[in-house]
Amino acid sequence: MIKVTYYGHSNVFIESGDTRISIDPFFSDNPFTPQADLKTIMPDYIIVTHAHSDHLGDTVPIAKHSHALVLSNFEIINRLKKSKINCHALYISGTFVIPHGWIKFFPAAHGSSFEDGSYGGLAMSVMINIDGKNIFHAGDTGLTCEFKGIGELYTIDLALIPVGGNYTMDTRDAAIAAKWLHAQNVIPIHFNTWDTIRVNESQILEHVNPVAPVHIVKIGNSYTME
Ligand code: NI
Ligand code: MN
């Protein structure tokens, strides 16, 4: 069984067997997780899709206490190395082998600067293959034809797709992305964190559900795959 826990925004925690993967661990300034106890977040791997603070989040403190290996692009890893945490740089098309699967990065149409404005490399989406399933986390991205190719090459059991608009795809774009990905299931992310990305849940269902089953996961709750 694969368990995918949603902590709001793009913050997702995947567990399969003994392998635990945190993606974009944004807890401290996340309005959805004001009470978060970082010490309870114990991943083996942390994936950072891009340098924006709502994605880089609490990567450093979580990596310090969990000794997780952080996977991200070259520029982000270069910066994180100074914090003396375990890091490995990958780039688009780069594949990293994990127990019972692999992690591979794809292009995202988005920026990736650090909070001080310095260069954070390219923004990325990520595919996680684990125990025979493919989970695609789109990170922050606009709608691009990239999704067509990814959908052609991979069977995507679960796609985590931003729907909040403004900085990323909105619900209509997300529906097209889900279609191009041939996503078997969709969990909407990157919405309702702030007013700029406010979306009605009924609107997500109206636009995306005709394309693929949509699972709106409540904060701290999990979606499971057999
Ligand atoms: Ni961003
Ligand atoms: Mn973001």
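Guide: Two strands count as paired if DSSP finds at least two bridges between them, and that rule carries much of what follows for this predicted model.

Visitor: What makes E8 and E9 a pair, and how do they run?

Guide: Seven bridges join strand E8 (residues 101–107) to strand E9 (residues 124–130), and a pair needs at least two, so the two strands are paired by this rule. They run antiparallel, and Ile103 stands opposite Ile128 in E9.

Visitor: Why are E7 and E12 called edge strands?

Guide: The open sheet has six strands in the order E7-E8-E9-E10-E11-E12, with mixed pairing, and strand E7 (95–98) and E12 each pair on one side only. Neighbouring strands of this sheet are turned by 15 degrees against each other on average, direction ignored. Helix H5 packs on the sheet, where it touches E10, strand E11 (158–162) and E12, and its direction makes about 155 degrees with that of E11.

Visitor: What leaves one side of E6 and of E13 without a neighbour in the other sheet?

Guide: That open sheet has seven strands in the order E6-E5-E4-E3-E2-E1-E13, again with mixed pairing. Strand E6 (87–89) and strand E13 (222–225) stand at its edges with a single partner strand each, so one side of each has no neighbour in the sheet. On average, neighbouring strands here are turned by 20 degrees against each other, direction ignored.

Visitor: How do you know that E1 and E2 are paired?

Guide: Strand E1 (residues 2–6) and strand E2 (residues 12–16) run antiparallel and are joined by five bridges; as the rule asks for at least two, they are therefore a pair. In E2, Phe13 is the bridge partner of Thr5.

Visitor: Which residues are the donors of the manganese ion, and what makes them donors?

Guide: A donor is an N, O or S atom within 2.8 Å of this metal. Asp54 (OD), His55 (NE2), Asp140 (OD) and His190 (NE2) coordinate the manganese ion (ligand 2) at 2.1 to 2.2 Å, so they meet that limit. Along the chain, the donors follow the spacing D-H-x84-D-x49-H.

Visitor: Why can one say that Asp140 and His190 tie together parts that are apart in sequence?

Guide: Asp140 lies in the loop between strand E10 (133–137) and helix H4 (146–153), whereas His190 lies in the loop between strand E12 (186–189) and helix H6 (201–208), so the pair ties together parts that are 50 residues apart in sequence. Both residues are buried. Asp140 also bridges the manganese ion (ligand 2) and the nickel ion (ligand 1), which lie 3.1 Å apart.

Visitor: How are H4 and H5 packed, and which residues meet?

Guide: H4 and helix H5 (residues 171–181) pack at an angle of about 35 degrees, with their axes 7 Å apart. Phe147, Lys148, Ile150 and Gly151 in H4 meet Ala177, Trp180 and Leu181 in H5. By class, this contact has five nonpolar, one polar and one charged residues.

Visitor: What makes Thr33 count as buried, and where does it lie?

Guide: Thr33 has a relative accessibility of 8%, against a limit of 20%, so Thr33 counts as buried. Thr33 lies in the loop between strand E3 (19–23) and strand E4 (45–47). Leaving aside neighbours within four places in sequence, Thr33 is in contact with Tyr7, Phe26, Phe27 and Ile219.

Technical notes. Residues numbered from 1 in each chain as written. Chains lettered and ligands numbered in written order. Predicted model: local features only at pLDDT ≥ 70, side-chain atom pairs only at ≥ 80, totals over all residues. Heavy atoms only, no water. Donors = N, O, S within 2.8 Å, 3.2 Å for Na, K, Ca; no water. Helix = DSSP H or I, 4+ residues; strand = E, 2+ residues; numbered from the N terminus. Buried < 20%, exposed > 50% of the residue type's maximum accessible area, 1.4 Å probe, protein only. Axes fitted to C-alpha atoms, helices over the stretch in contact; angles between N-to-C directions. Contact = heavy atoms within 4.5 Å. Nonpolar A, V, L, I, M, F, W, Y, C, P; charged D, E, K, R; others polar.
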